[in-house]
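Here is a short report on one protein model.

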Amino acid sequence: MASSWRRTIGNLRSFVGNSLGGLRGGANFASWVVAGTLAYYLWVKPSQDLKREQEERAALAALDPNRYVEKRKPIPDPQETGLIYGNKNRTNNKSEQ
């Protein structure tokens, strides 16, 4: 009876060890440090920087709305030069008169 719970604990330790990569000691710790560092610089830090930048823009907009300039791609202005399909052969009535 006593050996069954020891076997269960041993199986659990083996499962956890294998699921963590099967490495023991310093190599296991080093691999987790590398993985954590990569995850931080690839996912966590960029999202924190984006959030901080958005908060700074919002604070700047709240202080002086005339000073704040949103950096966005401009909306294209439709022109009468034939860029829109079906607009090539039209003439402006005001220019003909």
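Helices (H or I, at least four residues) and strands (E, at least two) are DSSP runs, numbered from the N terminus. In these terms, the elements of the protein run α-α-α from the N terminus on. The protein has three helices and zero strands.

The model is predicted: local features need pLDDT of at least 70, side-chain atom pairs count only at pLDDT 80 or more, and totals for chains, interfaces and linings use all residues. Residues are numbered from 1 along each chain as its sequence is written, and side-chain values use heavy atoms, with hydrogens and water left out.

Confidence is given as pLDDT, the predictor's score for each residue from 0 to 100. The protein averages 76. A value of 70 or more is reached by 62% of its residues.

| Element | Residues | Mean pLDDT |
|---|---|---|
| helix α2 (highest) | residues 26-63 | 89 |
| helix α3 (lowest) | residues 93-96 | 57 |

Next, the surface. Accessible areas come from the Shrake-Rupley method with a 1.4 Å probe; for residues, only the protein chains shown count as cover. The accessible surface comes to about 9,500 Å², and carbon and sulfur atoms hold 58% of that. Of the 97 residues, 3% count as buried (under 20% relative accessible area; exposed is over 50%, partly exposed in between).

How many aromatic pairs does a search of the whole structure find? It finds one. Tyr40 and Tyr41 form this pair, edge-to-face, at 5.1 Å centre to centre and 85° between the planes. Rings of Phe, Tyr and Trp (its six-membered ring) pair if their centres lie within 6.5 Å; planes under 30 degrees apart count as stacked, over 60 as edge-to-face and the rest as tilted. Tyr40 is partly exposed at 35% relative accessible area. Tyr41 counts as exposed, at 51%.

Notes
Buried means under 20% relative accessible area, exposed over 50%, partly exposed in between (1.4 Å probe, protein chains only).
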